[in-house]
Amino acid sequence: MGFKKIGLPIARFGRQAKRSYGFCLKFASVAILGLCFVFVWYMFSPSASAVTYQRSTFGEIAEPVSDSGQVRKSKSSVVPVKNEHGLSLGKGEEKKVVNGSLLHRVDGPKDHKKEEKGVKIVKDRDKEEKDGNEKGSEDSESDTENGKENEAEGESEEGKEDGEEKTVDGEEVDVEQVDESDELNAKREKKRKFKGPLFDPKAEYSWKLCNTRSKHNYIPCIDFEVVSKRIKSYRHHERSCPKNPLMCLVPLPHDGYQTPVSWPESKEKIWLTNVAHPKLTQYVKTQSWVVESGEYLTFPQNQSELTGGIAHYLESIEEAIPDIEWGKNIRTILDIGCKDSSFGAYLFDKNVFTLALGLKDDLVDLAQVSLERGFPTIVSPFGTRRLPFPSGTFDTIHCGECQIHWQSNGGNLLIEINRILRPAGYLILSSKHDSIEDDEAMSKLTASIGWNVLAHKTDDVSDIGVRIYQKPESNGIYALRRKKVPPMCKENENPDAAWYVPIHSCLHPIPSAIEERGTEWPEEWPKRLHTFPDWMNNRDKLVSDAEHWKATVEKSYLTGMGIDWSTIRNVMDMHAIYGSFAAALIEQKVWVMNVIPVYAADTLPIIFERGLVGVYHDWCESFGTYPRTYDLLHADHLFSRLKNRCRKAVTVVVEMDRILRPGGWAIIREKGPILKSLEEVFKSLQWEIRLTFVQNKEGILCVQKTMWRP
């Protein structure tokens with residue numbers, strides 16, 4: 001019965017179609033069916049706008065985008081291109097020219113969402129590349145000073161890789177995902193180049209204080225910027241900078257700030273208000289190596305967390321390993337986990353340069369206490385990424401009262417220590433009451449990377465267990481391993497790449513050719529400061545650079561600036577090349593942190609070879625240190641090389657204001673127009689202009705920071 005009811009209208013429609021006016025009905029029915037077909041096609045196929053967009057952009061992207069948003073191979077002609085000036089390729093990237101278009105191809109996870117999202121991702125990425133190409137067409141000017149070229153300053157960015165790019169999907173994400181997203185955005189911004197003048201000539205600066213969780217101790221790329229109920233931890237698990245560059249001033253301590261105690265008196269006492277921290281006072285009450293004495297924190301001589309004192313501890317190490325000659329054979333040491341600073345303080349008198357690594361989870365801020373006392377210290381997370389040092393550079397690495405679980409996560413942290421430790425270098429670990437399981441796991445791990453156990457004993461006085469390992473000096477031990485775990489790294493993996501590079505679970509081959517760095521142990525100190533091995537190119541240029549800076553420091557910096565060098569202890573060379581500025585100050589009672597920008601030529605291994613210490617850094621970001629920790633900043637043609645790199649070059653001046661102590665000095669050598677702009681910025685910060693001199697378009701600016709805060 002139902003079929004008859006349905007069939008009657010259709011039959012009636014057919015009889016009417018046979019009549020004279022049936023042709024019109026036929027035409028109308030065909031038109032209706034056509035419209036229905038178009039509607040169905042529109043709903044279940046890619047939109048016309050999407051197809052049009054894809055067709056119009058085939059000439060701009062590397063490969064066509066499919067309907068699913070995935071990239072599929074194209075038959076277009078592909079021409080490989082060498083890594084050009086100022087452009088960086090991350091890990092797994094290839095630079096290609098496709099139909100005359102320059103782009104990056106990143107091997108990694110692809111977006112499998114709807115075609116609209118897929119097209120948008122490609123569009124944004126292509127737009128970034130197109131903008132980068134337009135901005136990268138501006139040739140950077142080579143900087144010279146007194147007719148002398150800094151040829152070492154190439155504009156390559158090979159020290160930086162993007163090995164851990166991730167996307168954040170969905171509206172609800174946890175803190176770690178937010179951190180990774182911030183890092184990804186920051187890294188993309190650093191790849192781009194920004195047009196326009198280095199400093200806006202029409203800018204009027206109005207400053208305000210930063211309102212952050214860490215207040216007067218704020219470290220932008222390590223501390224969380226704002227308070228959130230969802231964020232329970234105090235600091236980022238990895239380095240993660242704010243999306244917007246810092247344009248506020250870190251306040252002074254709430255109880256006031258005192259002019260720091262000068263060296264060497266600062267070894268024994270510092271102002272408590274300068275290192276004020278909510279948990280520090282409570283921590284001091286439980287320690288014997290530091291005592292609160294009125295307005296000061298005092299440090300009794302030869303006192304440490306170790307029973308028996310630091311002198312006894314170091315003497316026991318020398319007895320176990322006679323080849324460890326502090327200050328001669330051993331010059332550069334990395335001390336992981338900044339505790340009481342007694343290790344570096346004692347060795348400083350023996351001409352050992354000990355760099356303390358303050359870990360990010362140190363909530364008492366002992367690294368700040370170390371810097372206030374005048375000891376070399378940096379703050380950095382140590383988790384999944386490489387430390388900002390080149391490979392094979394530290395003579396010895398020490399971890400006292402070590403709480404690091406080296407065997408966790410496949411032993412990646414120990415693999416990173418293996419990377420930065422010099423061949424035949426030493427790792428010294430001390431701890432109390434290690435479990436049998438931990439000892440066995442550590443023995444297996446060190447054996448797997450070919451390390452030799454030189455000593456494993458417990459001191460009768462301090463009840464501290466000390467283990468001393470030595471890294472192999474040749475590749476022969478690697479071939480004898482039964483299990484090739486961890487495996488050897490691929491030949492094309494750069495062991496010196498360290499900026500935002502994840503720790504690779506592999507071992508880099510030990511250099512074997514005589515012309516390679518690391519085949520020979522450096523000369524004894526102080527001879528190694530002025531010795532240039534065969535692997536260093538342009539040795540005559542290195543000697544000339546050393547002589548130039550020695551003359552400049554002696555004739556200008558020490559006598560012609562009005563600086564009281566008895567108040568200078570912590571010094572930073574923001575744009576070090578060969579470390580010659582630091583070498584020229586070796587007779588002064590100072591230490592120098594040599595910073596090699598990640599976009600400059602990699603000369604940091606040369607600095608370490610000379611017995612000095614430094615780090616990689618990108619000055620578009622904040623440095624890994626506490627506020628008010630340096631007495632003098634030196635910047636030789638730093639700003640002119642930031643053109644088209646940082647979003648705002650003025651943020652570098654803001655960072656200088658953060659890390660420099662009130663009363664501290666800054667010496668800047670730059671081009672005349674840049675110095676003029678810098679002078680206006682410093683005046684807005686209420687810094688005092690002590691010296692300005694320009695000749696032949698080159699000049700020098702000497703300024704002094706004041707106590708002023710807005």
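# Reading the terms on a predicted model

User: Why is Thr354 called buried?

Analyst: Its relative accessible area is 8%. Buried means under 20%, exposed over 50%, partly exposed in between, with a 1.4 Å probe and protein chains only. Thr354 has 8%, so Thr354 is buried. This is a predicted model: local features need pLDDT of at least 70, side-chain atom pairs count only at pLDDT 80 or more, and totals for chains, interfaces and linings use all residues. Residues are numbered from 1 along each chain as its sequence is written, and side-chain values use heavy atoms, without hydrogens and water.

User: Where is Thr354 found, and what is in contact with it?

Analyst: Thr354 is found in strand E10. Strands (E, at least two residues) and helices (H or I, at least four) are DSSP runs, numbered from the N terminus. Contact means heavy atoms within 4.5 Å. Leaving aside neighbours within four places in sequence, Thr354 is in contact with Ile333, Asp335, Phe343, Gly344, Leu347 and Pro376.

User: How do you know that E9 and E10 pair?

Analyst: Two strands pair if DSSP finds at least two bridges between them. Strand E9 (residues 332-336) and strand E10 (residues 353-358) have five bridges, in the parallel sense. Thr332 has Phe353 in E10 as its bridge partner.

User: What makes E11 and E14 stand at the edges?

Analyst: The open sheet has seven strands, in the order E11-E10-E9-E12-E13-E15-E14, with mixed pairing. Strand E11 (377-379) and strand E14 (452-458) each have a single partner strand, so one side of each is left without a neighbour in the sheet.

User: Why is helix H10 called mostly covered?

Analyst: Count the buried residues. H10 (residues 412-420) has nine of its nine residues buried. Among them are Leu413, Ile417 and Arg419. The buried residues of H10 pack against E9, strand E12 (394-399), E13, H11 and helix H12 (476-479).

User: What makes E20 largely enclosed by the rest of the structure?

Analyst: Strand E20 (residues 660-671) has 12 residues, and 11 are buried, so the strand is largely enclosed. Strand E19 (residues 630-636) pairs with E20 in the parallel sense over six bridges. Leu632 stands opposite Trp665 in E20. Seven bridges join E20 to strand E22 (residues 698-704), and these two run antiparallel. There, Ile667 stands opposite Cys702 in E22.

User: Why is the crossover from E19 to E20 called right-handed?

Analyst: Point the strands away from the viewer. A crossover is right-handed if the path from the first strand over the helix to the second runs clockwise. Here the chain goes from E19 through helix H16 (residues 650-659) to E20, and this β-α-β crossover is right-handed.

User: What makes a set of residues a nonpolar core?

Analyst: The members are buried Ala, Val, Leu, Ile, Met, Phe, Trp, Tyr and Cys residues joined through side-chain atoms within 4.5 Å. The largest such core has 120 residues, of which Ile336, Trp406 and Phe639 touch the most other members. H16 gives the most to this core, with six residues. Another core, of 19 residues, lies apart and includes Ile317, Leu347, Ile464 and Ile468.

User: How many residues count as buried in the protein, and how many helices and strands are there?

Analyst: Of the 710 residues, 52% count as buried. The protein has 17 helices and 22 strands.
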